[in-house]
Amino acid sequence: AGSYAHGVATEQSDFDTVHIFAFTREQLYGIDSSDNAFEVGDAKFFELGKVAGLALKSNPTILETLHLCALNSIFREELLDLFSAAVAAPDVASAYKGFVNSQITQLAKINWDQTNPRYRKLLRHGLRAAEQGKKFLLEAEFVVNSPKKHLFVPELSPQAALDALNWEVAELDRIGRSSNLELKPESDRNRVNQIVVSIRERLYD
């Protein structure tokens with residue numbers, strides 16, 4: 001996951017991993033609560049139900065988690081089906097605008113300081129996510145490792161960086177309002193629920 005999955009890793013990059021797990025029958029039905037998301041070192045774990053719920057909101061981080069985990073799972077077809085059923089163009093546009101705006105907020109918190117190591121990272125995250133969201137909306141193709149990776153590590157001044165990120169937010173908004181998109185306009189919540197139930201039943205049998 002992270003910079004390695006995005007194709008922008010450097011020698012200093014951490015090797016992050018993401019995982020989807022399912023509660024045991026006892027955890028799901030019992031009276032004791034269990035964490036549905038947690039981290040161990042550089043590994044992040046998300047419970048299946050949480051993944052499904054956030055995928056229905058087109059959360060960019062969860063969409064990447066779902067996509068990457070599906071490629072290496074015995075439930076590959078089910079998870080890819082869940083991905084397809086969960087996403088909808090209006091939600092994708094809104095979620096990706098929110099993600100880019102969150103990077104602007106984080107950059108403001110460090111006063112747009114170019115000497116801060118987080119400056120380039122936050123800027124790169126914002127620009128890369130915007131590119132991913134636009135392609136997904138326009139072509140219904142979800143790409144994690146972008147062929148335009150060289151665009152995501154620019155040497156931009158604070159004002160140029162702010163202008164670039166604000167432009168991306170506006171573009172996502174404009175594209176999201178279009179009626180001529182490849183990505184479907186509505187998610188299929190019932191189908192998502194069916195898939196989650198089906199996976200749990202197979203695990204519990």
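**Strands, a helix and a buried serine**

Guide: Among the elements that cover the buried residues of helix H5 are helix H3 (48-55), helix H4 (60-70), helix H7 (117-139) and helix H9 (189-204). This is a predicted model, in which local features need pLDDT of at least 70 and side-chain atom pairs count only at pLDDT 80 or more, while totals for chains, interfaces and linings use all residues. Residues are numbered from 1 along each chain as its sequence is written, and side-chain values use heavy atoms, with hydrogens and water left out.

Visitor: Why is Ser58 called buried?

Guide: Buried means under 20% relative accessible area, with exposed over 50% and partly exposed in between (1.4 Å probe, protein chains only); Ser58 has a relative accessible area of 0%, and therefore it is buried.

Visitor: Which residues is Ser58 in contact with, leaving aside its neighbours within four places in sequence?

Guide: Contact means heavy atoms within 4.5 Å, and the residues that Ser58 touches in this sense include Leu63, Val87, Asp91 and Tyr96. Ser58 itself lies in the loop between H3 and H4, where helices (H or I, at least four residues) and strands (E, at least two) are DSSP runs, numbered from the N terminus.

Visitor: What makes strand S1 and strand S3 a pair?

Guide: Two strands pair if DSSP finds at least two bridges between them, and five bridges join S1 (residues 17-21) to S3 (residues 43-47), so these parallel strands pair. His19, for instance, has Phe45 in S3 as its bridge partner.

Visitor: How do S2 and S3 run, parallel or antiparallel?

Guide: S2 (residues 37-40) and S3 run antiparallel and are joined by four bridges, and Val40 has Ala43 in S3 as its bridge partner.
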